[in-house]
Amino acid sequence: MIMEVFIMKYSFYFLIALFIIPSIAFSQEKDPTIFFYDFNNETIGKPPSEPWKATAAGKVEVADFPDKVNRSVKITDEGSGGGMQLILNEVLKNDTVTLEFKWFREEYGGGDGVEIFYIMNQKCPDDWSGVCISTQGKNYQYNDSGAWVDVDKIVDKAWHDIKITMYLGKNKYDFYWDGVQKAKNAGFRKSDGIDGIDKFNVANVGNGGSTFIMYFDDIILYKGTERKIAVETKDKLSTIW
């Protein structure tokens, strides 16, 4: 009888452990988010706060667009450039990471290809290296190992969801526009012998020669290929600029 009670007692504890331990492990699953910015707590009419750094050229400001609650960053280039930059305090290497953001082009006045988002290592030779997504007149394009590939016509005055999955150990990336894959295993530009990423250029950071008005919102970088959990508006990885 005593043996039966002993077995029943510890069987009960064993069953509890089977349920509790996985629950604890699930609740402590590491957040894959590296950074996330929706700019909703930023001051309208001012440049976004650190770690973002706005270019001296052009006008970079937080805007009440689409509304005062859901804000975004408005970048205006009148011919001499206009954009913002973020630099991490450590290089991300040998991992699979994904960048997602929302993009809206209100106006395009002319000029050659205009940068949308460039991702690279600070050691790259210039600001036109790494992962390169840009416009070319009425179209958008991506760079594959130094060669530009025109994709489709841009629908202006509409929000677009852009996703870039980067395979850092291979210097390759996949590119999605509005949920549709447009490139698979495209090669980084000017990245031979340079591993990892730590520099993020938004819009026209490096030069002028074009005019436009663009909006950017919900910029998120996370480990993996799919966003699995909700994120808060905060920076998960300390940054410097």
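**Note on the predicted model**

1. C132 is buried, with a relative accessible area of 0%. A search of the whole structure finds zero disulfides. C124 takes part in no disulfide, and the cysteine sulfur nearest to that of C124 belongs to C132, 8.8 Å away. For reference, a disulfide requires the two sulfur atoms to be within 2.5 Å. C124 also counts as buried, at 9% relative accessibility.

2. The overall composition of the chain is as follows. The chain contains one helix and 16 strands. Of its 241 residues, 44% are buried. Among contacts between residues at least 6 apart in sequence, 69% join residues at least 24 apart. The chain exposes about 12500 Å², of which carbon and sulfur atoms supply 53%.

3. The nonpolar interior deserves attention next. In soluble globular proteins, nonpolar side chains tend to be buried together. Here, the largest nonpolar core has 44 residues, and the members that touch the most others are I164, M166 and F216. Strand 15, residues 211–223, contributes the largest share of this core, with five residues. A second, separate core consists of five residues, including M120, C124, C132 and I194. The two cysteines of the first point, C124 and C132, therefore both belong to this second core, and both are buried, C124 at 9% and C132 at 0%.

4. Strand 11 pairs with two other strands. Strand 11 (residues 159–167) runs antiparallel to strand 6 (residues 96–110), and nine bridges join the two. Within this pairing, F101 stands opposite I162 of strand 11. Strand 11 is also antiparallel to strand 12 (residues 172–177), through six bridges.

5. Two hairpins involve strand 12. How many residues lie between strand 11 and strand 12 in their hairpin? There are four, and N171, in the turn, has a positive phi of about 55°. Strand 12 then pairs with strand 13 (residues 180–187) in the antiparallel sense over five bridges, with W177 opposite V180 of strand 13. The hairpin of strand 12 and strand 13 has two residues between the strands, and D178 is in its turn.

6. Positive phi values occur at two aspartates. Phi of D178 is near 50°, a positive value in a residue other than glycine. D178 is located in the loop between strand 12 and strand 13, and it is partly exposed, with a relative accessible area of 37%. D218 likewise has a positive phi near 50° and is not a glycine.

7. E50 and P51 are joined by a cis peptide bond, with omega of about 15°. P51 is in the loop between strand 1 (33–37) and strand 2 (53–54). A cis peptide bond also joins F65 and P66, where omega is about 10°. P66 is in the loop between strand 3 (59–63) and strand 4 (72–78).

8. Is Q141 buried or exposed? Q141 is buried, with a relative accessible area of 5%. Q141 belongs to strand 9 (residues 139–144). Residues up to four places away in sequence aside, Q141 touches C132, I133, S134, T135, Q136, W148, V149, D150 and V151.

Note on methods. Residues are numbered from 1 along each chain as its sequence is written. This is a predicted model: local features need pLDDT of at least 70, side-chain atom pairs count only at pLDDT 80 or more; totals for chains, interfaces and linings use all residues. Side-chain values use heavy atoms; hydrogens and water are left out. A nonpolar core is a set of buried Ala, Val, Leu, Ile, Met, Phe, Trp, Tyr and Cys residues joined through side-chain atoms within 4.5 Å. Buried means under 20% relative accessible area, exposed over 50%, partly exposed in between (1.4 Å probe, protein chains only). Two strands pair if DSSP finds at least two bridges between them. Contact means heavy atoms within 4.5 Å. Accessible areas come from the Shrake-Rupley method with a 1.4 Å probe; for residues, only the protein chains shown count as cover.
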